[in-house]
Amino acid sequence: MSDVVTVFSPAKVNLHLAIGERRSDGYHGARSVMHALSLHDTLTVRRECVSGSDDFSVQVRCVAHEGVEPLEISSEDNIVYKALMKAADVFDCGRGEAVDVVIDKHIPHAAGLGGGSSNAAAVLLAACRLWGVDPESREVFDIAAGIGADVPFFLRGGCAVLGDRGDVFERELVPMKGALVLIRPNAGVSTAAAYRAFDEDPAPVSSSALENERNAQSAEDLQLFNNLASASERVLPELVRVREWLGAQQGVIKDERTGEPCVLLSGSGSATFCLCESMAAAYGIVSAAKLEGWWARSCTFVSAGARIMEKNSSVCATNLGASQRIW
């Protein structure tokens, strides 16, 4: 078993997010369609044996890149730490070991892009490799589901429809290809604040949006929808400017059904994305967005979830397949 594992940890966007009313358990009903992206963090997980000790210690460090703000939290508060500790407990592994995790961070936090959840899924795969655990076992899925609502999605990747609270897998959709641009203003959106704003003035889900999601067989069948977006825009009004600015850019695809530009806030934000006619168009939009002072990146849709990056592998992240069946 290898003592060093490197893992591809992708971002996601919500192509469809339909939030319902608050339920008696305090949660909101939600239907979500997530799609994995080529934008990704990289986790390097190193294990060492500590002689004369039965303890299991974990150190998590983040190295921010490309204008991403550093994540200033302790190891113990990082979701990666919690995932490793839970896995060690469930699989009865890790005694006498010290694990060091370095996260090369390219996915901004508080952006609705799922970076933390993806990192948790990635470190679970690393733990499986280090400890000889079947990564497709039900126990791995259950650990992921207990850590966070989005974590199981990243064990699968591709494009998936999720129901209940937006955390229960219902079906896969055929993933799509193509370029997109992500823009995040210089502030995040608290998910809790967005939901409070939503409860104060709920935006109903249209019957056409529900029917579109219900009938979709592929990601390309979906009409972009997010009824939480207006609440997030009230929390962070700059999101309105980002949305309107993106919608006015050359090279943004327009929906054939509505004629509207394909621009949407991902989750509760604060990242807004647009679908682009080409990668060349995406590059141009990114350059213009940076002149506005925003974090901006171009990327593509992919079928991959979190994946071990094998040594000497020349496989590009955008070509990684979604072969795991862990749902």
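## A charge over a ring

A charge sits over a ring if NZ of Lys or CZ of Arg is within 6 Å of the ring centre and within 35 degrees of the ring normal. Arg165 meets this description, lying over the face of Tyr27 at 4.0 Å from the ring centre.

This is a predicted model, in which local features need pLDDT of at least 70 and side-chain atom pairs count only at pLDDT 80 or more, while totals for chains, interfaces and linings use all residues. Residues are numbered from 1 along each chain as its sequence is written, and side-chain values use heavy atoms, without hydrogens and water.

## Aromatic pairs

Rings of Phe, Tyr and Trp (its six-membered ring) pair if their centres lie within 6.5 Å; planes under 30 degrees apart are stacked, over 60 edge-to-face, and the rest tilted. The whole structure holds three aromatic pairs. One of them is edge-to-face because the rings of Phe56 and Trp131 have planes at 65°, with centres 5.8 Å apart. Phe56 is in strand E3 (residues 56-64) and Trp131 in helix H2 (residues 115-131), 75 residues apart. Helices (H or I, at least four residues) and strands (E, at least two) are DSSP runs, numbered from the N terminus.

Phe153 and Phe154 are buried.

## Nonpolar cores

A nonpolar core is a set of buried Ala, Val, Leu, Ile, Met, Phe, Trp, Tyr and Cys residues joined through side-chain atoms within 4.5 Å. The largest has 44 residues, of which Leu43, Val45, Leu84, Val101, Val123 and Trp131 touch the most other members. H2 gives the most to this core, eleven residues. A second, separate core has 27 residues, among them Cys159, Leu264, Leu275 and Trp295.

Technical notes:
Buried < 20%, exposed > 50% of the residue type's maximum accessible area, 1.4 Å probe, protein only.
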